[in-house]
Amino acid sequence: MSEAAPALAPCAQSEASSRGRRFPEPPPRHRTEYQRDRDRIVHSTAFRRLVYKTQVFVNHEGDLYRTRLTHSLEVAQIARSVARALGLNEPLAEAICLAHDLGHTPFGHAGQDALNECMRELGGFEHNLQSLRVVDELEERYAEFPGLNLTFETREGILKHCSAANARKLGDLGARFLERRQPSLEAQLANLADAIAYNNHDVDDGIRAGLITIDELRDIAIFRRQYDLVAARYPGLGSRRMVHEVVRRMIDYLVNDLISASEASIAAAAPASAEDVRARSRPLLTFSDEVEAEHLELKHYLRQHLYKHYRVLRMTTKAKRVVRALFDAMLEDIDLMPTEHQEAARRMEAADGRPGRARAVADYIAGMTDRFAIREYGRLFDPAERT
């Protein structure tokens, strides 16, 4: 039997108004279309690879730090809770969250930046667009179509950002970026759930790594408020439990504010349908002004004190060097890649010249896990490493 579905708000995305799939398929028998999307994402190769892809700390730096996989699961958990409270389509929100990082490179944002630099004159690299490319083209699981053949609405949510040049190539999917329209509320929710998850869980990982401290964080309003409440209620609580308690309360604080502020925003706009949501010039899901300011203060603190910490930057520098070296070597000689990727490079070069060849190399590198990229680097450049 399919999962019990709560009543949807009028402005939620319903399956009845879905724009469907690129390749028509018979409807699923015992689940909804968006549940089918979610299940296909969970069973994909790209999803499994996320377990060995960096969030902040490269995989081999510790077993307990978040990876792209655990981050994606945490984003989905937050989105499910908010979707249910607001009467949105929970399976759709979950599917978008689980898929939003499928196209991320090894080594987190460092790898993405390096690959974009390599591709700058050859079409560029956007990890959101790569996530779409993964689910539309690169996954090879089904006999009747390439990719996962997800619904339009899941694909719409995956594509959070997109340049105008790329949007023009995407037809209906890219039109909203050119027309300054909004995606569904479920897609808006995935974006905000992502921000809630990474800000708060990066606090947890940063403290665990010893790069930021509780004393420093007490200067940040959103952390200080919850810390003071926990310290007053549980005097003498150990540091590990203290951090967990504060972080979970910060998440709860943000989630509750998101629900309340969004309820008010939706009520004021009174959209009668999901298409009314899309026609607006600004998102309807939002934090209150006060909480948004606190959330941004935490984000700015993490940027300055965690992401720019010298230990993180050292790994960032090494990661960029690995990605650039792999790209340059493989673009020069595609025979350095496995056979299936050589074939893709020749096929794409025949269709689109050097940019096509470069895209095939970028596809291969973007699909690597952290440890596989490090191993490939050794195979190519370390004479003592086995090939």
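Is R248 buried, partly exposed or exposed? R248 is partly exposed, with a relative accessible area of 43%. The scale has two cut-offs: buried means under 20% relative accessible area, exposed means over 50%, and partly exposed is in between (1.4 Å probe, protein chains only).

This is a predicted model, in which local features need pLDDT of at least 70, side-chain atom pairs count only at pLDDT 80 or more, and totals for chains, interfaces and linings use all residues. Residues are numbered from 1 along each chain as its sequence is written, and side-chain values use heavy atoms, with hydrogens and water left out.

Start with the overall fold. The chain has 18 helices and zero strands. Both kinds of element are DSSP runs, numbered from the N terminus: helices are H or I with at least four residues, strands are E with at least two. The C-alpha trace spans about 60 × 50 × 40 Å along its principal axes. A compact globule of 387 residues would have a radius of gyration near 21 Å, and the 22 Å of this chain agrees. That radius is taken over C-alpha atoms, and the globule rule is 2.2 Å times the number of residues to the power 0.38. Of the 387 residues, 53% count as buried.

Two residue pairs give a sense of distance. Q77 lies in helix α3 and is partly exposed, at a relative accessible area of 40%. Between Q77 and I334 there are 41 Å in space, C-alpha to C-alpha, and 257 residues in sequence. M242 lies in helix α13, residues 239-269. M242 counts as buried, because its relative accessibility is 7%. From M242 to Q35 the C-alpha distance is 37 Å, and the two are 207 residues apart in sequence.

Now turn to the salt bridges. A salt bridge here is a side-chain nitrogen of Lys or Arg within 4 Å of a carboxyl oxygen of Asp or Glu. A search of the whole structure finds 30 of them.

E245 counts as buried, at 13% relative accessibility, whereas R248 is partly exposed.

R80 and E94 meet through their side chains at 3.3 Å, N to O. This pair links distant parts of the chain: R80 is in helix α3 (residues 68-86), E94 is in helix α4 (residues 90-99), and they are 14 residues apart. R80 is partly exposed, with a relative accessible area of 27%. E94 counts as buried, since its relative accessibility is 13%.

R324 and E117 form another salt bridge, at 2.9 Å from N to O. R324 is partly exposed at 32% relative accessible area, and E117 counts as partly exposed at 35%.

Some bridges join up. R19, E156, E179, R181, E275 and R278 are linked in a network of salt bridges.

What charge does the surface patch of D215, E216, D219 and E297 carry? The patch is negative. Lys and Arg count as positive and Asp and Glu as negative; His and the chain ends are not counted. Patch residues have over 30% relative accessible area and no salt bridge; like charges are joined within 9 Å, and nonpolar side chains (Val, Leu, Ile, Met, Phe, Trp, Tyr) within 5 Å. The place of a charge is NZ of Lys, CZ of Arg, CG of Asp or CD of Glu. The areas come from the Shrake-Rupley method with a 1.4 Å probe, and for residues only the protein chains shown count as cover. E297 lies in helix α15, residues 289-307, and is partly exposed, with a relative accessible area of 31%.

Finally, look at the backbone. Most residues other than glycine have a negative phi. N149 is not a glycine, yet its phi is positive, about 50°. N149 lies in the loop between α6 (127-138) and α7 (152-158). At 3% relative accessibility, N149 counts as buried. R180 also has a positive phi, near 55°. R180 lies in the loop between α9 (172-179) and α10 (185-208). R180 is exposed, with a relative accessible area of 68%.
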